[in-house]
Amino acid sequence: MTEAGTQRRAHAPISVSFEFFPPKTDAMEASLWQAIRKLEPLAPEFVSVTYGAGGSTRERTHSTVSRILAETSLKPAAHLTCVAATKDEVDAVVRDYWDVGVRHIVALRGDPPAGAGTAYAAHPGGYQSSADLVAGLKTIGDFEVSVSAYPEKHPESGSFDVDLDVLQAKVDAGATRAITQFFFDNDHYWRYLDRVRARGINIPIVPGQIPIHNFKQIAGFAARCGATMPASTGARFEGLADDPETTQLVAAAVAAEQVRDLVKGGVTEFHFYTLNRAPLVNAICHTLGIKPHAPAASAVNA
């Protein structure tokens with residue numbers, strides 16, 4: 001940990017936010033809302049809902065966000081990308097969000113339509129970059145705008161300097177928060193924070209955390225997005241492929257150690273990639289001292 005990491009005010013409270021993805025089936029819909037009901041009493045700062053490549057989940061994302069607004073006390077943030085859409089098409093989605101009451105957008109460039117690892121080409125009539133998208137959002141409404149950040153740099157960036165140029169452009173366009181790609185070694189976060197602060201970028205850099213519900217699955221995610229999985233982490237899950245109960249216990253311990261270390265260094269905000277599963281996230285929040293509040297009057301119907 002470095003001095004740049006010591007950014008916590010004395011006795012500052014811990015806050016959390018959660019990411020969900022829109023369901024594709026009735027069973028997934030039930031699982032999503034079970035997770036939302038379980039996590040809503042923790043009173044997160046906001047919950048974000050992802051958006052598929054090329055807007056492939058546009059309607060489901062919009063429906064999920066609208067239902068969260070209508071049936072819960074949560075503040076939803078809708079993901080939005082530049083991929084495979086004109087500015088007019090993206091702007092229409094943004095105005096729809098504004099009309100239903102959304103005031104927070106997670107603005108992302110998005111993965112290439114052909115999938116991660118393939119060459120990205122901006123739509124000729126669309127927003128050309130995430131910074132361009134942020135600027136466009138701010139012309140439509142006074143949105144709070146969160147953007148992405150990469151402690152181990154974006155896989156397509158040639159260097160950290162290039163990566164930080166992109167982050168700076170997003171901040172200059174109006175972004176007020178960056179949420180990191182998940183990571184498993186906190187040293188990556190502290191070194192990245194040093195680089196960010198040295199550039200004079202002072203927005204919150206919120207660490208993204210992903211509980212290891214399934215080691216093989218999460219290791220696969222990590223490999224595809226350039227997040228290093230330490231050998232020591234992998235060793236703790238060896239021999240547990242057919243033992244989900246013990247996997248959950250080990251995962252809770254691993255996550256608790258990581259977030260406690262971040263809190264010790266001054267972190268006060270966390271963003272959890274829930275994968276629409278509540279138990280591990282709930283346990284980690286308990287570790288952070290975040291306990292359920294009384295059920296809100298607008299709670300989701302049972």
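**Exercise 1. Is Tyr-273 buried or exposed, and what is its relative accessible area?**

Solution. The model is a predicted one, in which local features need pLDDT of at least 70, side-chain atom pairs count only at pLDDT 80 or more, and totals for chains, interfaces and linings use all residues. Residues are numbered from 1 along each chain as its sequence is written, and side-chain values use heavy atoms, with hydrogens and water left out. The rule calls a residue buried under 20% relative accessible area, exposed over 50% and partly exposed in between, with a 1.4 Å probe and protein chains only. Tyr-273 has a relative accessible area of 13%, and therefore it is buried.

**Exercise 2. Classify the ring pair of Phe-182 and Tyr-273.**

Solution. Rings of Phe, Tyr and Trp (its six-membered ring) pair if their centres lie within 6.5 Å, and planes under 30 degrees apart count as stacked, over 60 as edge-to-face and the rest as tilted. In the whole structure, a search finds eight aromatic pairs. For Phe-182 and Tyr-273 the centres are 6.3 Å apart and the planes stand at 75 degrees, so this pair is edge-to-face. The pair links distant parts of the chain, since Phe-182 lies in the loop between β6 and α6 (186–198) and Tyr-273 in strand β9, 91 residues apart; helices (H or I, at least four residues) and strands (E, at least two) are DSSP runs, numbered from the N terminus. Phe-182, with a relative accessible area of 7%, is buried.

**Exercise 3. Describe the pair formed by Phe-270 and Phe-272.**

Solution. The two rings are 6.3 Å apart centre to centre with 20 degrees between the planes, and the pair is stacked. Both Phe-270 and Phe-272 are buried, and together with Phe-18 they form one aromatic cluster.

**Exercise 4. Which residue has its charged end over the ring of Trp-98?**

Solution. A charge sits over a ring if NZ of Lys or CZ of Arg is within 6 Å of the ring centre and within 35 degrees of the ring normal. The residue is Arg-103, whose charged end lies 3.6 Å from the centre of the Trp-98 ring. Likewise, Arg-195 has its charged end over the ring of Phe-160, 3.8 Å from the centre.
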